[in-house]
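Dear colleague,

Below is the structure I promised to hand over.

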Amino acid sequence: MRPTARTSRRTLLRAAAAGVTAMAAGCSGGARSVQVAVVWSTSELERFRQVVADYPGSVQVVSAGNDIDAFLRARHLAGTSPDVAILPRPGLVTEYAQRGWLSPVRPSSEYAVPNGLGDLLTADGRRYGVWVKAAHKSLVWHLPSMLPEQPTDWDGLVERTRQLGALARRDGGPAPLAVGAADGWVLTDWFENVLADVAPESYNALARSDANWQGGPVRDALDRLAGLWSIDGAFLGGGRRALLTQYEESVIQVVYARRAVMLCGADFTADVVGTFQRGEEAPTTFPFPGAQPGGGPLIVGGDAAVAFADAQGGVELVQWLTKADSFRPWLRAGGYLSPNTNVPITSYTDEVGRKLAREMQAPGTLRFDLSDQLPGAFTGSDGVGIWRIMQGFFADVTDGVRANEAIRRATGQLALAARSAGGGR
C-alpha cells in the first residue's frame, strides 16, 4: 500500500495496542518473543502461524491489516517497532532501509530466487529483505465445461470474447469475462501482463525515475486493452457494474454463479475458489495469452520479510524463513507459492501448485509486478495513483469513449502522477 501522510486514529490505536502486547510479552519472564507484523489475515494468517510454530524460538504474529505501512510508521513513532515485518512492496523495503529503520539480512544457503527479484530488496549494495511468498499473476481461470477450448493467443481471446458476448446478448448466456474493477490492482494486473508482452524491453524501464508514461509502449498496451474491454457484452452487467464489483465477487461469478466464463487472476484466486466452488467441477487455468501461442508473459508479485534495526532475533528469524523446508506446513495446506527455487516441486500437494512452481523455476523472462515498484502514491491504492487511473481508462473504453481519446487521457494522467511522485514523465 502507498505511504500516507496522515495516519488514522484506528491505525494508531491498533499499533499502540500491538506495541503494548509486545512489551508485555518481553516482560513476562523467559525469553522474549520475536514479534512479526504481517499483511495477511484469515486463512493466510493462520497458515503463517503454523509455519513459525516450528521455529526454535517463541514467535508472536500480529496482523497489521491492508495498510501495513501506516501501521509500521505509527509503531516507529511510538518506539515499538516489531522485530520483523512482511511487506507487500519492494519499494517499502528500500525506503525503510534508506531511513535507517532496518538491519541488513543474510538468507540461508538453501535460498535462491529467479534472476532480478533479489535486486529489488537491496539498498546501497546491501540486502535488506528476502522474498517469502510469491504470487503468479499471469493466469486466466475458468470451468472446463464453460470453456472446452482455451484461447492460445491474444487474438484468440479477443475472438472468443466477441463470440461469447454475442451469445450473452442474444440468449442471456454467461458473459465472457469477470473482472473485479472496483479493486484497482485487478486492472493494473491486466495492464502489466499486456505491457510485458507488447513491449518487454520497456517494462522494467517504467519503474525508473526517467520513465516515459506517454511513449509508444504504454500507448500500445492500452490500445490492446481497449480493443478487448470495449467489446459489447464483454462484462457481466457492463463496465459500470464491473467498476462496482470487487475481486472476490468476480471469482464467485465464474465458479459459483456461473454468470461469467473467464477471469484473469493470480494463483491466490484458489483461496476464494475453495470457499465458493459449487459441485465437483474445479476450475482450471491457462496462461495469460500473448501475441504468439505459448509466448505470453509471466508477472509475479510477492511478500518480503525484513528485520528492524537492532533486532537480532528478527535477523535470525528472517534467515530461518529462507530455509527450503520452513514453509512446509503452508505448502501441505495449499494456497502457497514459494519464491525459493530450491523448494522441491514435490513439496506441492496439488497439480496446479506444481505447475505454477515449475513455471517460476524455469529459465526465462520473469517480471515483477510493475505497480508495486512505483514510488509514493503512484503505486496505487483505493482511489489513488495508477489504480484510479486504470479505473478511469476502463470506464472510458467500456462507456463508448473512442480508444484514442481514452488513451490520451490515461497517458496524460499517468505522466502527471509519475512526475508528482518523482517516478517519470
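Helix H11 (269-276) gives the most to the lining of the largest pocket, with 4 residues; helices (H or I, at least four residues) and strands (E, at least two) are DSSP runs, numbered from the N terminus. This is a predicted model, in which local features need pLDDT of at least 70 and side-chain atom pairs count only at pLDDT 80 or more, while totals for chains, interfaces and linings use all residues. Residues are numbered from 1 along each chain as its sequence is written, and side-chain values use heavy atoms, with hydrogens and water left out.

The pocket (on a 1 Å grid over the protein atoms alone, an open set of points where a 1.4 Å probe fits, with protein on both sides within 12 Å along at least five of seven lines; lining residues have an atom within 4 Å of a point) holds about 1,300 Å³ of space, a volume being the space filled by probe spheres set on the points, which are joined across faces, edges and corners. Of its 38 lining residues, Val 39, Glu 44, Asn 66, Trp 185 and Phe 268 lie nearest the centre.

Glu 44 also meets Lys 133 through a side-chain polar contact of 3.5 Å (N or O atoms within 3.5 Å, one able to donate a hydrogen and the other to accept it; residues adjacent in sequence count only if both atoms are side-chain atoms). Lys 133 lies in strand E7 (residues 130-136) and is buried, with a relative accessible area of 4% (buried means under 20%, exposed over 50%, partly exposed in between; 1.4 Å probe, protein chains only).

Best regards
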